[in-house]
Amino acid sequence: MTGPSGPNGGAKRASDGEDAQGFYGRWARLYDLLARRTPGIVALRKRAAAACELSPGDRVVEMGCGTGANLPHLRESVGPEGSVVGVDFTRPVLERARGLTADYDNVHVVRADATRAPVADCDAVLATFVVGMLDDPAGAVSDWADLVGPGGHVVLVNAASSRRWYAPAVNAALRAVTILSTPPTTRLRYDEDPLDRLDERVAAAHDRLRERSSAVADETHALGAVRLTGGRVR
């Protein structure tokens with residue numbers, strides 16, 4: 001993966017010399033708490049799993065599984081005869097994911113880059129709060145669409161600027177969280193506003209998914225600051 005379950009997905013490589021493994025390792029417990037306890041997050045994760053339109057016996061891959069908050073919902077959808085693969089790059093968050101799913105023999109957690117799936121085929125790909133830190137988010141979505149093939153499903157969930165009337169307050173909070181969840185957190189000036197960059201990457205990924213698929217879901221949540229797009233690949 002390119003990072004854990006922060007709002008922008010983290011980064012496979014930290015900028016300015018800070019090691020991503022160390023950064024996300026230090027914050028793994030907090031990320032895990034936010035991933036499970038943020039108001040409305042459980043309902044959102046269930047909605048994302050439902051948008052994958054999984055059936056018993058299917059195989060689903062989560063790109064950037066972080067501490068594993070989505071994995072039980074995906075496992076419930078595919079049943080004991082299906083399989084769930086969680087992919088993440090950061091060892092400390094993977095250890096928490098392994099602990100969460102230790103009782104399931106059909107849930108596998110793999111350390112790998114989210115842009116290079118460790119499976120040859122699957123029925124669905126889920127990626128939550130990941131594409132905002134990929135160098136080529138649209139290209140990654142195309143790769144995921146190729147992985148599932150025609151009739152398979154790809155679902156994206158990402159934070160991005162709200163467009164509702166109360167957007168200024170929501171977006172100010174989102175910008176702060178975006179900065180704090182991306183190493184390094186001590187920079188005072190940016191060549192490009194972090195929230196603008198996040199918006200561009202999220203838009204590119206979701207637009208590419210719409211190009212490659214027939215819509216299953218196209219929604220906003222969390223005061224308009226979270227986009228959920230799901231599609232059946234054509």
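Biologist: In this predicted model, is Cys 65 buried or exposed?

Modeller: A residue counts as buried under 20% relative accessible area and as exposed over 50%. Cys 65 has a relative accessibility of 3%, so this residue is buried.

Biologist: Is Cys 122 buried or exposed?

Modeller: The same cut-off of 20% applies. Cys 122 has 5% relative accessibility, so Cys 122 is buried.

Biologist: How many disulfides does a search of the whole structure find?

Modeller: The pair Cys 122 and Cys 52 is too far apart for a bond. Across the whole structure, the number of disulfides found is zero.

Biologist: Which side chain makes a polar contact with the side chain of His 153?

Modeller: His 153 belongs to strand 5, residues 153-159, and is buried at 7% relative accessibility. Residues that His 153 touches include Ala 51, Cys 52, Asp 123, Gly 231 and Arg 232. The polar contact, at 3.5 Å, is with the side chain of Arg 232.

Biologist: How many of the residues of strand 2 are buried?

Modeller: Strand 2 covers residues 83-88. Ser 83, Val 85 and Val 87 point one way, Val 84, Gly 86 and Asp 88 point the other way, and all are buried. The count for strand 2 is therefore six of six.

Biologist: Which residue of strand 3 is the bridge partner of Val 84?

Modeller: Strand 2 pairs with strand 3, residues 107-111, in the parallel sense over five bridges. The chain passes from strand 2 through helix 5 to strand 3 in a right-handed β-α-β crossover. Strand 1, residues 59-63, also runs parallel to strand 2, and there Val 60 stands opposite Val 84. In strand 3, the partner of Val 84 is Val 107.

Biologist: Is Gly 99 buried or exposed?

Modeller: Gly 99 lies in helix 5, residues 91-100. Its C-alpha atom is 9.1 Å from that of Thr 67, which is 32 residues away along the chain. The relative accessible area of Gly 99 is 54%, and the cut-off for exposed is over 50%, so Gly 99 is exposed.

Terms used
Residues are numbered from 1 along each chain as its sequence is written. This is a predicted model: local features need pLDDT of at least 70, side-chain atom pairs count only at pLDDT 80 or more; totals for chains, interfaces and linings use all residues. Side-chain values use heavy atoms; hydrogens and water are left out. Helices (H or I, at least four residues) and strands (E, at least two) are DSSP runs, numbered from the N terminus. Buried means under 20% relative accessible area, exposed over 50%, partly exposed in between (1.4 Å probe, protein chains only). A polar contact is a pair of N or O atoms within 3.5 Å; within protein, one must be able to donate a hydrogen and the other to accept it, and residues adjacent in sequence count only if both atoms are side-chain atoms. Contact means heavy atoms within 4.5 Å. Two strands pair if DSSP finds at least two bridges between them. A crossover is right-handed if, with the strands pointing away from the viewer, the path from the first strand over the helix to the second runs clockwise. A disulfide is a pair of cysteine sulfur atoms within 2.5 Å. Lists of a residue's contacts leave out its neighbours within four places in sequence.
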